[in-house]
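Let's take a look at how two chains meet. Have the sequence and the 3D view open as you read.

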Amino acid sequence: MTNLIFVSAIVLFSIAIAISLFRVLKGPTLPDRVVAFDVIGVNLISIVAVLSVVLRTKAYLEVILIIAILAFISTVAFSKYIERGVIIDRKRNR
Amino acid sequence: MTENEIVELIAALMVLLGSIMAIISAYGIVSLPDVYTRSHAGTKSSTLAVLLTLTGVFIFFWSTEHYISIRLVLGIVFLYLTAPVAGHLICRAAYNSEVKLEDKTENEQ
Amino acid sequence: MPVQFLLNLLIAILWVFLKDEDTFEVPTFVAGFLIGIVIIFLMHRFFGTPFYLKRAFSMLKLLWIFNYELMTSSILIMKQILIPSATFEPGIFSYETKLKSDWEVTALALLLMLTPGSVVLRISPEGNVFYIHAMDVKDTKPMVLKSIQLYEKVILEVTRP
């Protein structure tokens, strides 16, 4: 019973990722794509968490932290790129 | 039904609720008209969805294997702190690079 | 204020000694700490400073508000997505805050991101004017302004007790 619920939750999360992938491909501007990309990262975290319940293992729980950190940092880097055109500022007073 | 099974069922229902919310917010990302309204859907509902899912998984591991996962707690705290920050950063970048607003938007400043 | 915390710790340690158990037991220490909290709360007017847990209490209140706003705002957004009303008008308005330090402004911006129907677009370089994008200006603007007042009050309770 509970196993069935968890498996159907994984299917629903995958459908959500597929829908947001449509916005990544279509989105007219770059910020659109980054918002959709952020949502994909968040859904990926949920899939990993539910997968570790279905397989009854605790080995995948580190992956959650790593995906969360990577998704956040890539969003920050993208937004800096959109705003300034560069990712790493070199502050030189010339 | 024993007590443990009831707790497991509650955890499973939380995960299911989270997945339904994730689908609704993904649909919102496709259907809403411009970047700013899309980021409303992207920051709020999907954050609540992933928090519900992680809390459900945490409760499940706690009740079945008596295992309190520090990694899950850290992940929940990290998502709490970073989800609004990421949403604000991407909105600000879009506004500063003059992505155009939807036509009927009122702009008073 | 540190004096009150140290006194509380002293009461807890005394409680552990007076219990006279064979080994150090954590539950006993926690019980002593709780009793210390009650004693310090009854006596705190003699110290001349406010009770030190008042700040922790208002932090808990802030966390509760954070969760509550997350719930209500995502329900509102989902309603808007599933039943799109034909008349909704997104819009931008500005708000000038009276909060000063960086920490306070950051906390207010984080809370505003999660309020029903508002996203902070940009903060002026002086850090006191917020430009807020609302999902449905006519409906949500009075609601957002009302909740900003509440946040400012709670944040001020945490930072300047």
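How many residues of chain B are in contact with chain A, and how many of chain A with chain B? On the chain B side there are 47, and they touch 45 residues of chain A. Keep in mind that this is a predicted model.

Put together, the two chains bury about 4,000 Å², with 81% of that area on carbon and sulfur atoms. Phe60(B), Arg71(B) and Ile90(B) stand out here: they supply 14% of the area that chain B buries against chain A, more than any other three residues.

Chain B and chain A share four salt bridges. One of them pairs Glu83(A) with Arg92(B), where the closest N and O atoms sit 3.5 Å apart.

Which parts of chain B give two or more residues to the side that touches chain A? Three helices do: H1 (3-31), H2 (35-65) and H3 (70-96) of chain B. Sorted by class, that side of chain B looks like this:

| Residue class, chain B side | Count |
|---|---|
| Nonpolar | 31 residues |
| Polar | eleven residues |

Among the elements of chain A, helix H1 (residues 2-26) has the highest mean pLDDT, 91, while helix H3 (residues 61-84) has the lowest, 89.

Methods. Residues are numbered from 1 along each chain as its sequence is written. Chains are lettered from A and ligands numbered from 1 in the order in which they are written. This is a predicted model: local features need pLDDT of at least 70, side-chain atom pairs count only at pLDDT 80 or more; totals for chains, interfaces and linings use all residues. Side-chain values use heavy atoms; hydrogens and water are left out. pLDDT is the predictor's confidence in each residue, from 0 to 100. Helices (H or I, at least four residues) and strands (E, at least two) are DSSP runs, numbered from the N terminus. Contact means heavy atoms within 4.5 Å. Buried area is the accessible area (1.4 Å probe) that two parts lose on being put together, summed over both. A salt bridge is a side-chain nitrogen of Lys or Arg within 4 Å of a carboxyl oxygen of Asp or Glu. Ala, Val, Leu, Ile, Met, Phe, Trp, Tyr, Cys and Pro count as nonpolar, Asp, Glu, Lys and Arg as charged, and the others, Gly among them, as polar.
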